[in-house]
Amino acid sequence: MKQVEDAEILQKFSDEKTRQEAFGLLLNKYQQKIYWHIRRMVINHDDTDDLVQDVFVKVWKNLGNFRNDSQLYTWIYRIASNESITFLNKQKRQNNTPLDEVSQEVVERLVEPSYFNGTEIQLKLQRAILTLPEKQRLIFNMKYFDEMKYEEISEVLGTSVGALKASFHIAVKKIEAFMLNEDIKF
């Protein structure tokens, strides 16, 4: 199926008669990307599904006010990123647990067969990514997995390109160090 341009989606969304169709096209185009963007942050499939639903409810409610100041997908990524960070912070507060311990819990869940079925090296990479601070993890995921340009990430996170490059570089160095020094523990 041919991907529809964002401009066409927005045009259809502005018309009450084609609003549902437009939203279906938007979901078809972005839902899977947003799912994996969030999943790499929160790991748990059920939590990810809930967050994806929350993101697209917000998109539905606010798409009529979208001003084209940015690209549609960077706007949706910003919503998804904010929802993921809010979820992780809420989880940390509810458990009254330091983020390091929350990350360790996520790492432990990661090795369960229902959450991960990759190779040992893929697991090691995921564990390394989970050791990063939230913002570095988010930047790394967007650059490495989503293959976004620094300018696009800048739009999503509201951070300068220079700061993003520095954060990504530091994240890569931390991941490299983890990959070279960490023994896999099952």
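Here are a few friendly notes on the fold and the aromatic rings of this predicted model.

1. Some ground rules. Residues count from 1 along each chain as its sequence is written, and side-chain values use heavy atoms, without hydrogens or water. As the model is predicted, local features need pLDDT of at least 70 and side-chain atom pairs 80 or more, while totals for chains, interfaces and linings use all residues.

2. The overall fold. Of its 186 residues, 47% count as buried (under 20% relative accessible area with a 1.4 Å probe, protein chains only; exposed is over 50%, and partly exposed lies in between).

3. An aromatic cluster. Phe-140, Tyr-144, Phe-145, Tyr-150 and Phe-168 form one cluster. Rings of Phe, Tyr and Trp (its six-membered ring) pair if their centres lie within 6.5 Å; planes under 30 degrees apart are stacked, over 60 edge-to-face, and the rest tilted. By this rule there are 12 aromatic pairs. Tyr-144 and Phe-145 are edge-to-face because their planes stand at 85°, with ring centres 4.8 Å apart.

4. A link between helices. Tyr-150 and Phe-168 also pair edge-to-face, at 6.3 Å centre to centre and 75° between the planes. Tyr-150 belongs to helix H8 (residues 150–157) and Phe-168 to helix H9 (residues 161–181), 18 residues apart. Both Tyr-150 and Phe-168 are buried.

5. Charges over rings. Lys-143 lies over the face of Tyr-150, 4.4 Å from the ring centre (the rule asks for NZ of Lys or CZ of Arg within 6 Å of the ring centre and within 35 degrees of the ring normal). Arg-19 lies over the face of Phe-13, at 4.9 Å from the ring centre.

Conventions. Helices (H or I, at least four residues) and strands (E, at least two) are DSSP runs, numbered from the N terminus.
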